[in-house]
Amino acid sequence: MVVIRDIIITGLLLGGIFALVSVGLSLQYGVGRVMNVAHGEFIMIGSFVTFWLFGSTIHLDPLVSILITAPLTFVIGWILHATLFRRLMDTSPTLDVFEGKSMLASFGLLYVVQNIARIIWGSQNYQVMYLNRTVTGAQIPLNRLVALGVVIVIGVVFYIFLARTRMGKAIRASSQDPTTAGLMGVNINSVLAVCFGLGVAMAGIAGSLLSTLYAIQTSMGLQYTVIAMIVVVLGGLGSVSGAMIGGVVLGIVSQIVTYFQPTWTLIAYYLVFILLLLVRPKGIMGK
Amino acid sequence: MLEIEGLSTGYGRVQVLWDLCLKVEEGEFVALVGANGAGKTTLLKTISGVIKPWSGSITFLGKRIDTLHANDIVDLGLSHIPEGRKLFTDMSIKENLEMGAYPKRTWKERRETMKWVFSLFPRLEERAGQLARTLSGGEQQMLAMGRGLMSKPRLVIIDEPSNGLAPRVVSEVFDILGSLHKEGITILLVEQNVRQTLATADRAYVLENGRIALQGSCTFLRESDHVRKAYLGL
Ligand SMILES: Nc1ncnc2c1ncn2[C@@H]1O[C@H](COP(=O)(O)OP(=O)(O)O)[C@@H](O)[C@H]1O
Ligand SMILES: [Mg+2]
């Protein structure tokens, strides 16, 4: 029983991170139809900015550094959309063509970002030592609990943003029917740029948190892109709540497999992925 | 109020509208009728900025709007209520109405405007919290109209509001258009229900294969042999 409890707890903790990693990608694909395979690179940027600020003379607390990584990555994403992806969209005859082009372009982005990072930080591992003592009585390191807390806060804030604010409503309307949203007065281009920026910012925040949990290296991005893609398909393409649930499901699966055979986790991810595509091709929350 | 001159447009290489001219004066109730595929929806989409014209000009309240984006055109007071309702089905009725008031100018006043819309469509108020997709066909059309009014338009262009509705509901839709007109809103109505349309509007255009085939007062068109044969089945 204790084993099951621990698996569920650690699975939830990991799942929360997975959800945060994936919601951004889901937003970018669901509203903007950008298949952003460079998503993980922005996680890496978040991690390294946090690492760099932590190691600098100001010795910035990793949690506080989110206040820098989030806006920074938001602006990067916003600019990328307003320049690169918007131009691709204008020159694509259909959304399907755009999807293909956006994937190729973000593939290029992946290499550019990763290689710039490698020039600066090389390819060795780094670690941010932060709150890695365990809480009394439990086996769970404090930094994991803090990370889960941050994920929950961000999830709630993001939910309220989508449900209550003018921009949030415009995002939901645009994801359902961009043309009609335009007739209502929504400037689609600015909504898409904001969504892409938010997606990149979520990656940046996830990166800041991840740097406190695991060793980081400039090549870390791709593994998270893969996880995010699996979760997003699991939860239903473009569904934000689906990405949340998918993240938790994959987190728990990962912990169950890790308990029996740690080397099999990646294989298990793909098995779950393929199985789900066969059984419920539209994902958990898909209609 | 709305002046269209020499308008041509289409999709890809296929031309749909040919050198079209059309005018709506302030306070008028103008109809545009024509068979399926004539180009009525294409014309409305071009007016509201969803489709770009190939040539010609569109002027609204003395301002050229043919180069503007859809979101800027609605801000000028021209509301397009699209064919097939196009509601945000995963949002509530209240949220759909709020989206109609999206331009900054009208967003601030959305609560008062919503009261006015609810007075026109009391059934929407009873269901304000429900998702739009749970509404019946008639209620969905009412919501589409209510949403289109939330931007406090001076000109409403509306595409086949009676499509797919029961006869009783169709009369209700025409009644509401009539009362909006009485409130001073200018209307350009696209319809396939020619009989009821010619009985409601002041003036009408007949569109055939992307060209204006006939125009005039509704009384005149009702008597025209062509309209009687082709559209009224007489
Ligand atoms: N999105 C589109 N792409 C290509 N052709 C279209 C599109 N929409 C309409 N058409 C064509 O344009 C013509 C006019 O269509 P439409 O404006 O919808 O007519 P109406 O509203 O009068 O029924 C039709 O021949 C139709 O097939
Ligand atoms: Mg039509």
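**Entry 1: the contact between the chains**

I began with the contact, which takes 18 residues from chain A and 22 residues from chain B. I note that I am working with a predicted model. Next I looked up the buried area. Chain A and chain B bury about 2,000 Å² between them. Of that area, 61% is on carbon and sulfur atoms.

Which three residues of chain A supply more of its buried area than any other three? I found A:R166, A:L183 and A:M184. They supply 40% of the area that chain A buries against chain B.

**Entry 2: charges and polar pairs**

I then searched the interface of chain A and chain B for salt bridges, and the rule finds 2. I looked at one pair, A:K169 and B:E98. Their side chains meet in a salt bridge, with 2.5 Å from N to O. I also looked up polar contacts. Between chain A and chain B, 5 residue pairs are in polar contact, both residues at pLDDT 80 or more.

Which helices of chain A each supply at least two residues to the side that touches chain B? I noted α6 (166–176) and α7 (178–183). Helix α6 of chain A gives the most to this side, with 6 residues. I sorted the residues on the side of chain A that touches chain B: 7 are nonpolar, 6 polar and 5 charged.

**Entry 3: the magnesium ion**

Which protein atoms are donors of the magnesium ion, ligand 2? I found OG1 of B:T41 and OE of B:E83. B:T41 is in helix α1 (residues 40–47) of chain B. B:E83 is in the loop between β6 (78–81) and α3 (93–100) of chain B, so the pair ties together parts that are 42 residues apart in sequence.

I turned to the backbone. Most residues other than glycine have a negative phi. I wrote down two residues with a positive value.

A:R33 is not a glycine, yet its phi is near 60 degrees. I located A:R33 in the loop between α1 (2–32) and α2 (39–55) of chain A. Its relative accessible area is 28%, so A:R33 is partly exposed.

B:N209 is not a glycine either, and its phi is positive, about 50 degrees. I located B:N209 in the loop between β9 (203–208) and β10 (211–217) of chain B. Is B:N209 buried or exposed? B:N209 is exposed, because its relative accessible area is 63% and the cut-off is over 50%.

Key:
Residues numbered from 1 in each chain as written. Chains lettered and ligands numbered in written order. Predicted model: local features only at pLDDT ≥ 70, side-chain atom pairs only at ≥ 80, totals over all residues. Heavy atoms only, no water. Donors = N, O, S within 2.8 Å, 3.2 Å for Na, K, Ca; no water. Helix = DSSP H or I, 4+ residues; strand = E, 2+ residues; numbered from the N terminus. Contact = heavy atoms within 4.5 Å. Buried area = accessible area lost by both parts, 1.4 Å probe. Salt bridge = Lys/Arg side-chain N within 4 Å of Asp/Glu carboxyl O. Polar contact = N/O pair within 3.5 Å; in protein donor to acceptor, adjacent residues only side chain to side chain. Nonpolar A, V, L, I, M, F, W, Y, C, P; charged D, E, K, R; others polar. Buried < 20%, exposed > 50% of the residue type's maximum accessible area, 1.4 Å probe, protein only.
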